[in-house]
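Dear colleague,

I am handing over a structure for you to look at, and the sequence and coordinates are shown just below. Please read the notes after them with the structure open.

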Amino acid sequence: MTNLRTDFVLNSRFLTRQMTGVDRVATELSMALIECLSSKEGQSLRLALPSTSVEALDERPQILMGLDTVKTLPLRGYFWEQFALAILKPSLWVLSLCNLGSIFRSKQVVMIHDAQIFTQPNAYSSTFRKVYHFILPRVSRRSKVVLTVSDFSRRELETAGVIPSGKATVVHNGVDHMDRIPDDSFALSTFGLSSGAYFLAIGSLAAHKNLPMLIAAAKARQDTSIPLVIAGGGNSKVFRDHGLTEEQGVKFLGRVSDVELKALYKGARALAFPSKTEGFGLPPLEAMSCGCPVIATTGGAVPEVCGDAVLYANPDQPQEWTIAMEKLAHDSQMCEGLAIRGAAHAAQFTWARAANTLLDAVAKAEVEPIC
């Protein structure tokens, strides 16, 4: 990592809301940055927070909540992000790690995770689309440093005209946050499951997550004695309201905690991850880090992220998923081989590596004139 002598301010709006996948990336990357900067004299990371209640931050990592804060305008939401960040001291590098940053600030690092607001517009509300379509191209052109999470996302963002060609630096997510999470030893019994006797999927009704296809593929198996268990995405009523039912080897668990999810990864016969597209695709890496074999989509950035450590299936070909599940249900040797390769592959993806890549991009930008 190139040595820097500068101060960073974290756009901490993400700390004031319920955590999403993007927010988890921002949280983990911020904690890794704190560790990287701790050995550098005269460097710091501080928080910039919108006007909010302290109670909203209670469940966030204490390493972040213990940081010093900078004073900002008493605004909220998009207005705070656009105007309060813009007028911070010009010498500060502002880190905006959840897609949006101020379109009025140059000395800024913005991480844009994917192009799905452009490629999957029907998955978002009209207001959300308008905001992102207006801000993302402008903030990417204005910011000195633009990051994204995969080569796939970089290409899609360039094709959509969001990021100028050649400007973005790819920063792969880490997965070693799973090492800090204990697994709930009672989770499987609580859910009525046995180790190695279920396939796992992460539930979501977003169209690109392709869950109806996976459920149909699971029901098409000749032997449904090993159920497809779907964690997350709300309770079973939510899925029933969308025509997805618990029958023929399919079971909905509803929302699970991090410790329960880790136990589910560790106990699964395999994770099935059928998305049509992903900007990165963290669940397969999380599963691999827990020694869980993975059946992964060929869509989006997933092949880039998973390499040769998974069993692939086409997200538009349900019969391929049926065959893959039947194969792993009866081939323990294949499961063991995938688990070994997967664990070794996942070990390459660390948040420290991501933080160092970010800091190197900033170091390169420091020698360039601010627009």
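What follows covers a helix pair, a pocket and the aromatic rings. Please keep in mind throughout that this is a predicted model.

I begin with helix 13 (residues 318-330) and helix 14 (residues 332-346), whose axes come within 5 Å and cross at roughly 100°. Since angles of 65 to 115 degrees count as roughly perpendicular, helix 13 and helix 14 are therefore roughly perpendicular to each other. On the side of helix 13 the contact is made by Lys-327, Leu-328 and His-330, while helix 14 contributes Ser-332, Met-334, Cys-335 and Leu-338. Sorted by class, this contact of helix 13 with helix 14 has four nonpolar, two polar and one charged residues.

Turning to the second largest pocket, about 160 Å³ of space lies in it. The lining of this pocket is formed by 11 residues, of which Lys-144, Lys-167, Thr-169, Ala-361 and Lys-364 are the closest to its centre. Strand 6 (145-148), strand 7 (168-170) and helix 15 (351-366) each supply at least two residues of the lining, and the largest share, three residues, comes from helix 15. By class, the lining has five nonpolar, two polar and four charged residues.

Finally, the structure holds four aromatic pairs. In one of them, the rings of Phe-83 and Phe-104 have their centres 5.5 Å apart and their planes at 25°, so the pair is stacked. Phe-83 lies in helix 3 (residues 77-84) and Phe-104 in the loop between strand 4 (93-96) and strand 5 (108-111), so the pair ties together parts that are 21 residues apart in sequence.

With best regards

Notes:
Residues numbered from 1 in each chain as written. Predicted model: local features only at pLDDT ≥ 70, side-chain atom pairs only at ≥ 80, totals over all residues. Heavy atoms only, no water. Axes fitted to C-alpha atoms, helices over the stretch in contact; angles between N-to-C directions. Helix = DSSP H or I, 4+ residues; strand = E, 2+ residues; numbered from the N terminus. Parallel < 35°, antiparallel > 145°, perpendicular 65-115°, else oblique. Contact = heavy atoms within 4.5 Å. Nonpolar A, V, L, I, M, F, W, Y, C, P; charged D, E, K, R; others polar. 1 Å grid on protein atoms, 1.4 Å probe; cavity = no way out; pocket = protein on both sides within 12 Å on 5 of 7 lines; lining within 4 Å. Points joined across faces, edges and corners; volume = space filled by probe spheres on them. Phe/Tyr/Trp six-rings, centres within 6.5 Å; stacked < 30°, edge-to-face > 60°.
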